[in-house]
Amino acid sequence: MISILLSSSTTTTLLPSRPIYTSNPPYFSTKTTRIRHFNVSCDATNGDQNQNHNLSPQNVQTSQGKIDRRNVLLGMGGLYSASSLIPDIAPSFATPISPPDLAKCSRGTNLNTGEPLDINCCPPIAKYTDYKLPPVTNMRFRPAAHLASKEYIAKYEKAVQLMKELPDDDPRSFTQQAHVHCAYCNLTYEQKGDPELKLQIHNSWHFYPWHRWYLYFYERILGKLIDDPTFGLPFWNWDNPPGMVMPDMFAKKDSPLYDPLRNLDHLPPALADLNYAAKPSDNSKVIQNNLTEMYTEMVRGVSKLEDFYGAKYVVGSTPDPGPGTIERGSHSSLHVWVGQATKSGEDMGNFYSAGQEPLFFSHHINIDRLWTIWRKLRGSKPKDFNESDWLDSSYVFYDENARLVRVKVSDSLDQDKLGYSFQEVDIPWLKNRPKPRVKKSKIATTSSAPRADSVFPVKLDKVVKVLVERPKKSRSKKNKEEEEELLVIEGIEVDSAKFVRFDVFVNDEDDKPDEIDKAEYVGCYSQVPHKNSTGVKSKIRLGLTELLEDLDVEDDDKILVSLVPKANGDDITIGGIKIIYAS
Ligand code: C2O
């Protein structure tokens, strides 16, 4: 059995860090549950800047229709009384999240210690109006960064330069735009409707729509500064071998697109590693592993919406309920790959500072592009949740005219109406279905590994192997089309102030955890450090249907699952594993 334990905390005091914040990382407590008080007299309108807001304490629109929130909260008393444990699922009285009250923005809080954080990214306060998508008269064109022309690069540099020259208190300035990201992910806002909980748009189904809107306004601000309504941001095409290095335009020291707070070992020609584990990557494997990772994130594991998008997050949800495939895979890996090789990983390697890195925007433009590609690949299958808890979720941003506007998830889904298109490039991962190392392996029947129910909760300070029962076997083709078999890994608790990563393999006889490009690899969990430790439980679901077919073990009644810690396994605890079927 192999045992892997890597620490990424190669902190050196010689490296520069973001000067505007002092470094005082919060400490993680090993507390396994968090107590929350339901505030029955929750006063959602108090301090409300916008009385036409869709949420009042009396009447709440839910998927079940209009109900009295107060009654619901009182009614919950029996189940979750004043100080009870939180279920790690979205509450059943769901209400879509709405814009935070900017006047109540606070410095983030370390939820384990209750201490305020040493960062302050609250935006200027203003009243919002509802945003109406303007008619599309000029399409914006988003080029692949590695293919962009000299003229385009000069234009983009000029735009970012002008943005950096805006006064710091202009909501369109580079500093304020970076704060937008920080504020929505460092628990600085109260959740409107449940002020006892803070707002976090990562690791949930807000990941795609929130970042789409964020980029949309950032792009329009840049276009306005250079007076070019066709300006589109470049995408970092890291899912395609020619794009698997940091794009040159970001690596020139005298450019406004350069950021000194980076891992300088990862300037070109270093290969961008989508399975980065905070140690030097094996260059001979990176490209093939990257293509398999992309196939896993975009094709294999995502037949159900939740598995691509991430878990439901509504008013009452605790932060980080569960990231989708890209968010917990290539997305996190590249954040940390770009950021400094320190514990807090500025700029890109930590949510609070990521928006200060110009490359961040090209990283997320590529994710925006992948979202569009994924929706096209769906064909006639559903592309979006049809729940109002998602569609009616709303956020606020400053637009190119410095007006605060409220936008809804439902308006973010049609890229044509948003008025931009992407340069067409190869999609080499699309047909990259990995081959099994061993077909018809007998390892699950001969292994002496313990059964899953006797092992958890367990700390991932070494490789953990368990046998997991399959409630159904020998499924028909029809049944497989209707239901996805999913490996659910739940109660994942990590020190969210650190970069953590583990990979998951099924029936892997050879134990070569650095070779991702085999059918035995199911997926990973990795996360970008937050400035605050949240200490809540997350859950991921990994699609098994195609994998079990490829391994030719559909008739087996159990599988052998290996959980392989790749970074800071000491700081990961797993609560349980099971197999479910989702239709
Ligand atoms: Cu909002 Cu990649 O992070």
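**Figure 1. Helix α4 passes helix α8 in a left-handed crossing.** The view is taken from a predicted model. Two packed helices are described by the angle between their axes and the distance between the axes. Here α4 (residues 207-225) and α8 (residues 358-377) pack at about 125°, and their axes are 10 Å apart. That angle makes α4 oblique to α8.

**Figure 2. Residues in the contact of α4 with α8.** On the α4 side the contact is made by Phe207, Tyr208, Pro209, His211, Arg212, Tyr214, Leu215, Tyr218 and Glu219. On the α8 side it is made by Phe360, Phe361, His364, Ile365, Ile367, Asp368, Trp371 and Thr372. Sorted by class, the contact has eleven nonpolar, three polar and three charged residues. Among the residues of this contact are Arg212 and Glu219 of α4 and Asp368 of α8, and Asp, Glu and Arg count as charged.

**Figure 3. The disulfide between cysteine 105 and cysteine 122.** A disulfide is a covalent bond between the sulfur atoms of two cysteines. In this pair the S to S distance is 2.0 Å. The link of cysteine 105 and cysteine 122 is left-handed, with -85° about the S-S bond. Cysteine 105 and cysteine 122 are 17 residues apart, and each lies in the loop between β4 (84-85) and β5 (129-130). Cysteine 105 counts as buried because its relative accessibility is 14%, under the limit of 20%. Cysteine 122, at 23% relative accessibility, counts as partly exposed.

**Figure 4. The disulfide between cysteine 121 and cysteine 182.** The sulfur atoms of cysteine 121 and cysteine 182 are 2.1 Å apart. The torsion about their S-S bond is about -65°, so this disulfide is left-handed. Cysteine 121 lies in the loop between β4 and β5, while cysteine 182 lies in helix α3 (residues 174-185), so the pair ties together parts that are 61 residues apart in sequence. Both cysteine 121 and cysteine 182 are buried. The count for the model comes to two disulfides. With the bonded cysteines of the protein chain numbered in sequence order, the pairing is 1-3, 2-4.

**Figure 5. Cysteine 185 and its closest cysteine sulfur.** Why is the sulfur of cysteine 185 too far for a bond with the closest cysteine sulfur? The closest one, in cysteine 182, is 5.9 Å away, whereas a disulfide needs sulfur atoms within 2.5 Å. Cysteine 185 counts as buried, at 0% relative accessibility.

**Figure 6. Cysteine 524, a buried residue.** The relative accessible area of cysteine 524 is 1%. Cysteine 524 therefore counts as buried.

Conventions: Residues numbered from 1 in each chain as written. Predicted model: local features only at pLDDT ≥ 70, side-chain atom pairs only at ≥ 80, totals over all residues. Heavy atoms only, no water. Helix = DSSP H or I, 4+ residues; strand = E, 2+ residues; numbered from the N terminus. Buried < 20%, exposed > 50% of the residue type's maximum accessible area, 1.4 Å probe, protein only. Axes fitted to C-alpha atoms, helices over the stretch in contact; angles between N-to-C directions. Parallel < 35°, antiparallel > 145°, perpendicular 65-115°, else oblique. Left-handed = near helix turned anticlockwise from the far one by under 90°. Contact = heavy atoms within 4.5 Å.
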